[in-house]
Amino acid sequence: MVLNRSGRIADRLSRTAREGVIVEDADLLTAIAGGDRDALAELYRRHAPWLQIRLHRRCADPDLVAEALQETFVAAWRGAGRWRGDGEVGGWLWGIAVRRLVDLIAHRPRHRPLSAAPDPLVASAEEQVLLGTEYGDLTTALNRLSPELHAVVQATVLDGLTTREAARLLHIPQGTVKTRMARARTLLREALS
Amino acid sequence: MTPWHTDDGILAAYAEGRLDRARSASVEQHLTGCARCRAAVLPYADPAVLNRAWADTVDTLDRPRVPLFERMLTWLGLPASSARLAAGASAARRAWVFGCAVVAVYAVLARDLDGRTATWFLSVAPLVPLTGVAVAYGPGSFPMHDVVAAAPYSVLKLVLLRCLPVLPMTGLVLLAGSLIVPDSVTAVLWLLPGLALAALSLAAERYIGAGWSIATLALLWMGFVTGSRWSTGSPLAAFAPTVQVLSFLIVLTAAVAAALTTRRARRLL
């Protein structure tokens, strides 16, 4: 499909409604780099909801989540020109958002981040079988990790943070992040073998 | 693109934290790359947080960016309002830095420190920091002067804040100037009296106002240089060791007073 790359985002979005022309996220970033506020508003409309939910799963404080969200889109506005165009825009935004959250949490020492998911529920036998067939043993193993180990796995593997950033997020020393990660890896490997 | 999509039940459970970890993680990975499910998650987001974050984003983008100097001061631990105050005279400061540069060039040209040039140079150069204070903060040249005069700030703190941009820059400019001049022993002579004059003017400014204190000190200094020229025959007499030691003591006292007051001010803020 040939996209009309010229013209303001607002016009193109109104054509989306009428003619089904799709404006890609990458096009939005190009327009944002050119200083188009409407494009930023559209990017926010598309991405802020899921980012808000995901950030809220990492931190229960709505003030911090709102602040991280705001800083993310301010950074996107200023850094849109630096986006290299590889990978998903969603992944890029999440990378900014989670690091902003880490910074905000690190500046509030008394803040306790949430461990991401509730402690693993004792699944019914039926559910165990279902899980086993659906996702394999890794699911069970991941759900069985202790909250401390899971927090480290989530921060480093799932959220893509460095050891240093994970340490700041969880308020533990970097060495502890490494040992917990090693233990989690061993447990997961055992579960798969 | 992705053949599989999450259903509303799973999204609701995820948003409310009822989903187990493994499935939460896979929902999150999916959302990162799937526009359709990102749109479907909207009903579970917190509209209050979204509206606030958007309002703050627009607000931040509309606000002018904080200048580097001000950010540096904030980073050094100064409260934002004080940093704004100290950096508020940026336009005047540029004019003054230009003035300093002119004097530094003059110093390079006036290498021969024996004739009349030397007398002029040595009488004028120590006044550089002094005029720095005057130009950067005097009424008429300092756009924030009226605002500051009406603000409920302690006068001493205000004076110290005003020193912030002037003193270190003066020191650097004068030091650079004196390093450029060969045989810099004589050229460095004006550094200490210059700093001492600036410190004195800032102290006197509290009582008689910036204009008067600077004018008086400038006249006194010129008179002193001319007087020593007449009585001893050399313009360098105004930079005798006694004067240097006295200047050093004045600068030291000012520095100590500044350090003490800043600490007290920081405790109050």
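Author: Two residues are in contact if their C-beta atoms, placed from the backbone, lie within 7 Å. This is a predicted model, in which local features need pLDDT of at least 70 and side-chain atom pairs count only at pLDDT 80 or more, while totals for chains, interfaces and linings use all residues. Residues are numbered from 1 along each chain as its sequence is written, and chains are lettered from A in the order in which they are written.

Reader: What makes up the contact between chain B and chain A?

Author: By that cut-off, 27 residues from chain B and 33 residues from chain A take part. On the side of chain B that touches chain A, helix H2 (21-33) and helix H4 (47-62) each supply at least two residues, and H4(B) gives the most, with 9 residues; helices are DSSP runs (H or I, at least four residues), numbered from the N terminus.

Reader: Why is B:Ala218 called partly exposed?

Author: A residue is buried if 20 or more other C-beta atoms lie within 10 Å of its own, exposed if 12 or fewer, and partly exposed in between; B:Ala218 has 19 such neighbours, and therefore counts as partly exposed. B:Ala218 sits in helix H14 (residues 210-232) of chain B, and its C-alpha atom is 6.6 Å from that of B:Leu127, 91 residues apart along the chain.

Reader: How do you know how confident the predictor is in chain A?

Author: From pLDDT, the predictor's confidence in each residue, from 0 to 100: chain A has a mean of 79, and 78% of its residues reach 70 or more. Over residues 115-134 of chain A, however, the pLDDT is below 50, although this stretch has 27 contacts in the model beyond near neighbours in sequence. Where pLDDT is low, the predicted coordinates should not be read in detail.
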